[in-house]
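These are my notebook entries from an afternoon with this model.

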Amino acid sequence: MSVGKGRIVYISGPVVKAELPGALLYELVFVGELGLFGEVVRIQGDMAFIQVYEETTGLKPGEPVVRTGEPLSAWLGPGIINQVYDGVQRPLRNIFELTQRPFVARGINYERTPPLDFKKPWKWIPKAKVGDEVAPGDLLGVVPETPLIEHRILYPPLYKKGTLKYIAPEGEYTLNDVIAEVETDEGIVQVKMWHKWPVRRPRPFREKLPPIEPLITGIRVIDTLFPIAIGGAAAIPGPFGSGKTVTIRTLAMYSQARYVIPVLCGERGNEAADALQGLLKLIDPTTGRPLMERTTIIVNTSNMPVAAREASIYMGVTIAEYFRDQGYDAFLMADSTSRWAEAMREVALRIGEMPSEEGFPAYLPTRLAEFYERSGRVVTLGKEGRLGSVTIAASVSPPGGDFTEPVTSHTLRFVGAFWPLDAKLAYSRHYPAINWLMGFSRYVDTVAEWYQKSVNTDWKDIRDEAVRILTREAELQEVVRILGTEALSEQEKHLLNAAFLIREGFLKQDAYHPVDVKSLPPKQYWLLRLMITFYRKGLDAINRGVPAAALRELDLVKRLPRLRMEIKNEDYQKLVDYEKELVDAIENLARQYESQKLVAKA
Ligand code: ADP
């Protein structure tokens, strides 16, 4: 569908300048004889600057540019799960079959390889009836798309409300079949199981809710120390080899979110291919079915065109919002937003934007803010008012680990949690290598109420005590480095022992160990509480004359670091019992020392 035509004036890398009267900002266009995908990103009079989503070599001035009149949009409907798309939603598996090449051939457009399969029949179960008043967001029917996700077909947000005149009976339909007709004051709307939504426009909802419920990830250092709320956003800086891929994989598999959408953005082709292979093979731990049955993956590697990388983040978050609107908790993992920002920088320079900090365009912070603002827990449109959410975990790759560089420093303003992966910790095989001294979460106070209600009333107290012990450990280690252990009091030595136990027995978590890999909140709480009880009761014993070394040598204490691997989530009561034994053992030890003192005195 063409609404106007123009000509290429010049080509500069991924950007084309064209004479294209009437072009709209963010309009989708087809560029050159091959009909390459592009998006208008700047307009100057009759001139349009177009970022092209495909390799531009070979394009020549004078070749045609065709307008579509439409913005770049996500195609949303059944068939979107279990797909691997590029940044502009071309299905990679299909393109691979079509071209027999691992990377997308040029000029393959939506007509030849549409984002959704229009031939495949889907089982449709209507949930509304003729005569119903329907407004955007109302449930029309469901498609059992995969065993793990029921695709809910809603009256799309772009239509007017009206009265349902027809609803297709239960049966098999393809995406182009009309499944409902709605009479509105602007005429009859024919509804299909799919619709398009412009990727740069947030999808509407009724109300945004405060981030007060934690999104349980099963990773202890995250959930207990630096929690993320359902609908929250977190940033993960991760130097190479620090465990970013494993973290993303663990989050995808074990976090409580129902729908996951990893966006692999701008990493090197072979690394992304490895990450992709890994993701495709994952098994959903609760059902034993392929994780892909509740996943969509977006991939734009560094050897794919830079502009599509810029689009991939918007594509991902739009698809996540679409599942949010169906009442699911969606979790988007973007790796890496630094590569995304670099793509933005490259395009901005070529369209003549004034560079700001480190060459990034002045609108970098706005773009980052807009992206993170699309996370959130909402009451959706529609009469049922479902609860749905988009939670974001995004990696950043600060050059040289410098957190003051623009992408990282701006990101930190917009996210609520920060999980800095640390190369030194990874090197010493402390996994997950999240630096507990630098991490933070603004959700601690908001999720505390949930934890105190669902797990134990002193959750925050135990958590804060652990943070204090770890912070104090770092200071004491500095003292030890300069003056040696002799400079420490018994109380301080005891604190170091407690910190060691927190690190070994709580913070460390082996993603390859069947019991350790996922900790539910009760296990997390009781595990940490054991360490804190050891610290508090031990301190009391020390004041009664017990040396720190004697406490450390108790059998029950020596076993503490292994409990995370020995005790399953459902057996957390064993940890409760363990605490009683531990308290008794410390008490006995203290009594022994007290009676020895009495004997010595006498
Ligand atoms: P990155 O993606 O940051 O380059 P990876 O995620 O591939 O790093 O991690 C590198 C290696 O570190 C993994 O192959 C694995 O052996 C180890 N590793 C990382 N995280 C964990 C973890 N939570 N538990 C056990 N091993 C881990």
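**Handedness, before anything else.** I wrote down the convention first: a crossing is left-handed if the near helix is turned anticlockwise from the far one by less than a right angle, and right-handed if clockwise. By that convention, the crossing of α12 and α13 is right-handed.

**Ground rules.** I am working with a predicted model, in which local features need pLDDT of at least 70, side-chain atom pairs count only at pLDDT 80 or more, and totals for chains, interfaces and linings use all residues. Residues are numbered from 1 along each chain as its sequence is written, and side-chain values use heavy atoms, with hydrogens and water left out.

**Overview.** I looked up the inventory and found 17 helices and 26 strands in the protein. Helices (H or I, at least four residues) and strands (E, at least two) are DSSP runs, numbered from the N terminus. The C-alpha atoms fill a box of roughly 105 × 55 × 40 Å along the principal axes. Of the 602 residues, 57% count as buried; buried means under 20% relative accessible area, exposed over 50%, and partly exposed in between, with a 1.4 Å probe and protein chains only. I also checked contacts, meaning heavy atoms within 4.5 Å. Among those between residues at least 6 apart in sequence, 71% join residues at least 24 apart.

**The barrel.** Which strands make up the closed barrel, and in what order? I traced six strands as β1-β2-β5-β4-β3-β6, with antiparallel pairing. Two strands pair if DSSP finds at least two bridges between them. Neighbouring strands of this sheet are turned by 45° against each other on average, direction ignored. I zoomed in on β2 (residues 15-19) and β5 (residues 47-52), which are antiparallel and joined by five bridges. There, K17 has F49 in β5 as its bridge partner.

**Strand β22.** I moved on to β22 (residues 329-335), where six of the seven residues are buried. On one side, six bridges link β22 in parallel to β20 (residues 259-265), with V260 opposite F331. Six bridges also link β22 in parallel to β24 (residues 387-396), and here A330 stands opposite V390. A reminder to myself: in a regular strand the side chains alternate between the two faces of the sheet.

**Two buried residues.** Is K244 buried or exposed? K244 lies in helix α3 (residues 244-254) and is buried, at a relative accessible area of 12%. Beyond neighbours within four places in sequence, K244 touches G238, E267, D335, S395, S397 and L421.

F226 sits in the loop between α2 (220-225) and β19 (233-237), and is buried at 4% relative accessible area. F226 and F418 are 192 residues apart in sequence, yet their C-alpha atoms are 7.3 Å apart. Leaving out neighbours within four places, the contacts of F226 include W419, W436, F440 and R463.

**Helix pairs.** Axes are lines fitted to C-alpha atoms, for helices over the stretch in contact, and angles run from 0 to 180 degrees between N-to-C directions. For the wording, angles under 35 degrees count as roughly parallel, over 145 as roughly antiparallel, 65 to 115 as roughly perpendicular and the rest as oblique.

I went back to α12 (residues 490-507) and α13 (residues 521-543), which pack at about 165° with axes 10 Å apart. That angle makes α12 roughly antiparallel to α13. The residues of this contact divide into 13 nonpolar, seven polar and one charged. My classes: Ala, Val, Leu, Ile, Met, Phe, Trp, Tyr, Cys and Pro are nonpolar, Asp, Glu, Lys and Arg charged, and the others, Gly among them, polar.

How does α13 lie against α17 (residues 573-601)? Their axes come within 10 Å and cross at roughly 10°, which makes α13 roughly parallel to α17. This contact divides into twelve nonpolar, two polar and four charged residues. Among those involved are W526 and F534 from α13, and Y578 and I586 from α17.

Last, α7 (residues 364-373) and α8 (residues 406-414): their axes come within 9 Å and cross at roughly 40°, so α7 and α8 are oblique to each other. Their crossing is right-handed. Eight nonpolar, two polar and one charged residue make up the contact, including L368 and Y372 in α7 and H410 and F414 in α8.
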